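Subject: Structure handover

Hello,

Here is the structure we talked about handing over. Please look through it alongside the notes below.

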Amino acid sequence: MSRRRAFGARVALAVLLAAATAWAWTHRELFDLTAIEVALGGVGAWAPAGFVLLFALATVLFVPGSVFGLAGGFLFGPVFGTLWNLLGATLGATLAFLAARYVASDWVERRAGERLQQLLAGVQAEGWRFVALMRLVPLAPFNLLNYALGLTRIRIAEYVITTLVCMVPGTAAYAWLGHAGREAAAGDSAALHYGVVGLGLLAAALMLPRLIGRLRAKPVKWISVAELRRRVDTDGDVTVVDVRDPDEFTGTSGHIPRARNIPLRDLPLLRQELIGIEPNTIVLVCRTDRRSAKAADVLRAAGLRDVLVLRNGMEAWNGNATAPASPVVSRQVEN
């Protein structure tokens, strides 16, 4: 296909998606629980397949997924409702991801500014871990996130598998709540029990990321000012990386002799370069020690093991310092 035809196909797809989304939002009554039940009632044994396809279409067209999440449990029960919800949401998320990648990813990559390029590179470096975080912690709307992730270079297999796995807690919670609603409407005394199960699953889904983070968190390895000063002055087996912003690095608080300035926001771009520093010990520094502790997590995730954090950072260093700050030795991301 020629470049002009490819461009025309992308524009046509973008226009089609925009028009279909506008139509869906002006006909939202076609996507409520009653309408879904009526539509599926006429297809008999094909109802599960029809539900999955409707859920996927609704996801692509920005229809709130909570409607279908509840509908799955209402129509098919908590077990099969969870299964059909999961398949429909994953299929829709994948279609939106592929549409965004086909229509706009190259255009965004060519025209992205420095900050956006850094963000995209960081997301790509994290890969499935970033997708898992976004699925478990709903910081962005589900439908919008599917398109946004399509603008990155995350591999499609990582995206689909992580989406499928990490949406299990949320889809199960909505299916149980939908099932509880149906039983309550039928006057079943067990409806309250089903509702409690659904709310419990929803609460567990919200708490799961924090629990996983605590289980995976590794204790920070600290180094004191006295020990760092001794190693800087004598051993020469340490590389000091200052993760403050450049204006702080060159500011009145100064910096440690021979320190390299790599701001925390740029660390994902340069962590492969830092891997080559080993077997030297990497000592991370900031004003206190909060940013450097975060930087230590980034480097450990990249496979570096000998990473230390200067306790209390430059505030402690300056409180014990007897010599003036050294000349600037800064490593910045090139444009």
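This is a predicted model: local features need pLDDT of at least 70, side-chain atom pairs count only at pLDDT 80 or more; totals for chains, interfaces and linings use all residues.

The strands form an open sheet of five, in the order β1-β5-β4-β2-β3, with parallel pairing. The edges are β1 (222-223) and β3 (260-261). Each has a single partner strand, so one side of each is left without a neighbour in the sheet.

Start with strand β4, residues 281-285. Its pairing with strand β2 (residues 238-242) is parallel and uses five bridges. One of the contacts to look at is Val 238, whose bridge partner in β4 is Thr 281. Strand β5 (residues 307-310) also pairs with β4 in the parallel sense, over three bridges. There, Leu 284 has Val 309 of β5 as its bridge partner.

Further along, β2 and β3 run parallel and are joined by two bridges. Asp 242 has its bridge partner in β3, namely Asn 261.

How buried is β4? Five of its five residues are buried, so the strand is largely enclosed by the rest of the structure. In a regular strand, side chains alternate between the two faces of the sheet. Both faces of β4 are covered. Thr 281, Val 283 and Val 285 are buried on one side, and Ile 282 and Leu 284 are buried on the other.

**Cysteines**

How many disulfides does the structure hold? The count is zero. Cys 166 has 14% relative accessibility, so it counts as buried, the cut-off being under 20%. Cys 286 is buried as well, with a relative accessible area of 1%.

**Aromatic pairs**

There are seven aromatic pairs. One of them joins Phe 51 and Phe 55. This pair is edge-to-face, with 6.0 Å centre to centre and 75 degrees between the planes. Both residues lie in helix α3 (residues 47-60). They are four residues apart, about one turn of the helix. Phe 51 is buried, at 0% relative accessible area. Phe 55 is buried too, at 4%.

Now take Phe 97 and Tyr 159. Their ring centres are 4.0 Å apart and their planes are at 20 degrees, so the pair is stacked. Phe 97 and Tyr 159 are both buried.

Ring pairs also build a cluster, made up of Phe 51, Phe 55, Phe 68 and Phe 76.

Arg 229 lies over the face of Trp 317, 4.2 Å from the ring centre.

**Nonpolar cores**

In soluble globular proteins, nonpolar side chains tend to be buried together. Here the largest nonpolar core has 23 residues. Which members touch the most others? They are Phe 31, Ile 36, Phe 51, Val 63, Phe 68 and Tyr 147. Helices α1 (3-26), α2 (33-41), α3 and α4 each supply at least two residues of this core. The most come from α4, which gives eight.

Leaving aside neighbours within four places in sequence, Phe 31 is in contact with Trp 23, Ala 24, Ile 36, Ala 58, Val 63, Val 67 and Phe 68.

Another core, of 16 residues, lies apart from the largest one. Its members include Val 232, Ile 256, Leu 310 and Met 314.

Last, look at Leu 70 in helix α4. Is Leu 70 buried, partly exposed or exposed? With a relative accessible area of 34%, Leu 70 is partly exposed. Leu 70 and Tyr 174 are 104 residues apart in sequence, yet 5.2 Å apart in space, C-alpha to C-alpha. Beyond neighbours within four places in sequence, Leu 70 is in contact with Tyr 174, Leu 177 and Gly 178.

Best wishes

Definitions and conventions:
Residues are numbered from 1 along each chain as its sequence is written. Side-chain values use heavy atoms; hydrogens and water are left out. Buried means under 20% relative accessible area, exposed over 50%, partly exposed in between (1.4 Å probe, protein chains only). Two strands pair if DSSP finds at least two bridges between them. A disulfide is a pair of cysteine sulfur atoms within 2.5 Å. Rings of Phe, Tyr and Trp (its six-membered ring) pair if their centres lie within 6.5 Å; planes under 30 degrees apart count as stacked, over 60 as edge-to-face and the rest as tilted. A charge sits over a ring if NZ of Lys or CZ of Arg is within 6 Å of the ring centre and within 35 degrees of the ring normal. A nonpolar core is a set of buried Ala, Val, Leu, Ile, Met, Phe, Trp, Tyr and Cys residues joined through side-chain atoms within 4.5 Å. Contact means heavy atoms within 4.5 Å.
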